[in-house]
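Please look at the sequence and the model below before reading on.

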Amino acid sequence: MTTALLVMWLCFSITFLVSDIQSFIFDRRREKREQKKEQRDLEYHEERMKNLK
């Protein structure tokens, strides 16, 4: 009985650990994409303002 509980606890722990690692990686990728998008938007805006003059 104790061994079964230990195995179940270990499985849940590994599942949560993998989930947290994936979330961390995806968040980092999303942040990088958003930063690049903001930079592109700023460059586009500056170019448009320059062309309007």
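The paragraphs below describe the chain as a whole, then its surface patches, then its salt bridges.

The model is predicted, so local features need pLDDT of at least 70 and side-chain atom pairs count only at pLDDT 80 or more, while totals for chains, interfaces and linings use all residues. Residues are numbered from 1 along each chain as its sequence is written, and side-chain values use heavy atoms, with hydrogens and water left out.

The protein chain has 1 helix and 0 strands; helices (H or I, at least four residues) and strands (E, at least two) are DSSP runs, numbered from the N terminus. Helix α1 covers residues 2-52. Along the principal axes, the C-alpha atoms of the protein chain fill a box of roughly 80 × 10 × 5 Å. The radius of gyration of the protein chain is 23 Å, whereas a compact globule of 53 residues would have one near 10 Å. This radius is taken over C-alpha atoms, and the globule rule is 2.2 Å times the number of residues to the power 0.38.

How much of the protein chain counts as buried? The share is 0% of the 53 residues, where buried means under 20% relative accessible area, exposed over 50%, and partly exposed in between (1.4 Å probe, protein chains only). The accessible surface of the protein chain comes to about 5600 Å², and carbon and sulfur atoms account for 62% of that. Accessible areas come from the Shrake-Rupley method with a 1.4 Å probe, and for residues only the protein chains shown count as cover.

Two surface patches come next. Patches are made of residues with over 30% relative accessible area and no salt bridge; like charges are joined within 9 Å, and nonpolar side chains (Val, Leu, Ile, Met, Phe, Trp, Tyr) within 5 Å. M1, L5, M8, F12 and F16 make a nonpolar patch of about 630 Å². One of these residues, M8, lies in helix α1 and counts as partly exposed because its relative accessibility is 46%.

The other patch carries positive charge and gathers R28, R29, K32, R33, K36 and R40. R29 is also found in helix α1, and at 49% relative accessible area R29 is partly exposed. Over the protein chain, the mean positions of the 11 positive and 9 negative charges are 4 Å apart. Lys and Arg count as positive and Asp and Glu as negative, while His and the chain ends are not counted; the place of a charge is taken as NZ of Lys, CZ of Arg, CG of Asp or CD of Glu.

The structure holds 4 salt bridges, each being a side-chain nitrogen of Lys or Arg within 4 Å of a carboxyl oxygen of Asp or Glu. Which residues are linked in a network of salt bridges? They are D27, R30 and E34. Between R30 and D27 the closest N and O atoms are 3.0 Å apart; these two residues are separated by about one helical turn because they are 3 residues apart in helix α1. E34 meets R30 at 3.5 Å, N to O, and this pair is 4 residues apart in helix α1, about one turn. R30 is partly exposed at 36%, as are D27 at 34% and E34 at 41%.

Another salt bridge joins E47 and K50 at 3.8 Å, N to O. Being 3 residues apart in helix α1, E47 and K50 are also separated by about one helical turn. E47 counts as partly exposed at 39% relative accessibility, whereas K50 counts as exposed at 54%.
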